[in-house]
Amino acid sequence: MELREAVFKGLPEDNGLYMPTQFPQLDPAWIAQIETHSFEEIAYEVCRRLFQGYLPESDLRVLIERAINFPAPVVALDEEVHILELFHGPSLAFKDFGARFMAQLMSYFNQEESDELVILVATSGDTGGAVAAGFLNTPGIQVVILYPSGKVSPLQEKQLTALGGNITALEIDGTFDDCQALVKSAFLDSELRQQIRLSSANSINIARLVPQSFYYFEAYKQVVKKDMPVVFIVPSGNFGNLTAGLFAQRLGLPIHHFIAATNINDVVPSYLETGVFTPRPSVATISNAMDVGNPSNFVRMLDLYGSTWNNLKTNISGYRYTDDQTRSGIKTVFDRYQYTIDPHGALGFLAYEAYRQENPGTIGIILETAHPAKFSEEVSKVTQKEVDIPERLAKLANAPKVATPMGIEFSPFRNWLLEKYT
Ligand SMILES: *Cc1c(COP(=O)(O)O)cnc(C)c1O
């Protein structure tokens, strides 16, 4: 079964990426009535198209019910500027949608297996938190998170180490690259893999991408009454979120235009301007979840446009901003609208401000990809006001950290895995 294989493998053997083979159009009558559907129903309808034939529809319903169980509200700041809040999940970032959905799908396919599945995740901070929360208490699945000691924020560390249950944290005395190397060695160890069923929760897994298209429909539903062309502004790093928007459009959602907003890691905006794609090492910024120098979903975007620059740039505009501009964006949003936006969302706001000067009369929906509390230090410096920490995160901050310290040599890690999971 192909979907099953794509989900467990994450990456195909030919060095490419998995893509849906077709995008069956949603019924225009269904879209015209979108206001009558709940988020859950929307997610189900979209997913049913993409996963046609891969799993029984009644099973898909249950899966969606479990994964998509928090809202994605649109907040109107004025007639044109809208914020799509994607931070109402457990780890306060949009990655919760993908992580929760992938956890459910893996657990579903794993039911047919008698052995437990062990997911290995190396994280530099953010992704690990979403994956850990997404897989928490998923039957048949254990998660091992490897993170670099002293190199994640205290709150991020709690998100990795304080959940308990089937989530186990290894505090590696090394860098993020060392964590990745350990995971890679484990995957290459065929003897180990005969004894433990291993999988990854990589961000380019198709199971993380598909659920991200659901909230484009959900957002559209909330502004459709205003009857103006809808533009989505997507703060982007690895470009999974924007690619999921392109999926939504391909399925028939009437999206007028996309805006890719980046920090100075701007290889995609540069490509849109010049037609030349030049990956380069990433540079650290205050919107650090978007510090990506070689976005892996770029090939998916190209594929959707028949690899034609002209088609791509007609549908997507790119804007990039510095950290100082990002701070001024946070300040403008706070002063003008009394709304606290995080550094990633602030890039989206700046990009839409620039776009709407030239193109007035649209509904701009800015994807707010994280809760400002996740970046409270930067944000409160600008707004001169404490950022309220949502209760689910505050609770975690007080929970005890549980992590097993580990060096960067492979054999102790290997032994630990064997001892724990065989
Ligand atoms: C991961 C992340 C992004 C970037 O998303 P991509 O899909 O990689 O483009 C933006 N903002 C936040 C807060 C993130 O965690």
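This is a predicted model: local features need pLDDT of at least 70, side-chain atom pairs count only at pLDDT 80 or more; totals for chains, interfaces and linings use all residues.
The protein has 20 helices and 11 strands. Its radius of gyration is 21 Å, close to the 22 Å that the globule rule gives for 422 residues, so the protein is as compact as a globular protein of that length. Along the principal axes, the C-alpha atoms fill a box of roughly 60 × 50 × 45 Å. Of the 422 residues, 59% count as buried. Contacts that reach along the chain were also examined. Among contacts between residues at least 6 apart in sequence, 76% join residues at least 24 apart.

The accessible surface comes to about 17400 Å². Carbon and sulfur atoms account for 48% of that surface. The protein carries 34 positive and 49 negative side chains. The centres of these two sets lie 1 Å apart.

Salt bridges were searched for across the whole structure, and 24 were found. One of them joins the side chains of E112 and R4, with an N to O distance of 3.2 Å. E112 lies in the loop between helix 5 (95–110) and strand 3 (117–122), while R4 lies in helix 1, so the pair ties together parts that are 108 residues apart in sequence. R4 has a relative accessible area of 15%; the cut-off for buried is under 20%, so R4 is buried.

A second salt bridge links R320 and D266. The closest N and O atoms of this pair are 2.6 Å apart. R320 lies in strand 9 (residues 316–320), and D266 lies in the loop between strand 8 (257–262) and helix 13 (267–274), so the pair ties together parts that are 54 residues apart in sequence. R320 is partly exposed, at a relative accessible area of 27%. D266 is at 10% relative accessibility and therefore counts as buried.

E378 is buried, with a relative accessible area of 18%. K381, at 52% relative accessibility, counts as exposed; the cut-off for exposed is over 50%.

Salt bridges also join up into a network. D78, E80, R336, E353 and R356 are linked in this way.

L17 is partly exposed, with a relative accessible area of 21%. Residues up to four places away in sequence were set aside when its contacts were listed. With those left out, L17 touches L11, P12, I204, S296, N297, V299 and R300. One of these partners, V299, shows how the fold brings separate parts of the chain into contact. L17 and V299 are 282 residues apart in sequence. In space, their C-alpha atoms are 8.2 Å apart.

Conventions: Residues are numbered from 1 along each chain as its sequence is written. Side-chain values use heavy atoms; hydrogens and water are left out. Buried means under 20% relative accessible area, exposed over 50%, partly exposed in between (1.4 Å probe, protein chains only). Contact means heavy atoms within 4.5 Å. A salt bridge is a side-chain nitrogen of Lys or Arg within 4 Å of a carboxyl oxygen of Asp or Glu. Helices (H or I, at least four residues) and strands (E, at least two) are DSSP runs, numbered from the N terminus. The radius of gyration is taken over C-alpha atoms; the globule rule is 2.2 Å times the number of residues to the power 0.38. Accessible areas come from the Shrake-Rupley method with a 1.4 Å probe; for residues, only the protein chains shown count as cover. Lys and Arg count as positive and Asp and Glu as negative; His and the chain ends are not counted. The place of a charge is taken as NZ of Lys, CZ of Arg, CG of Asp or CD of Glu.
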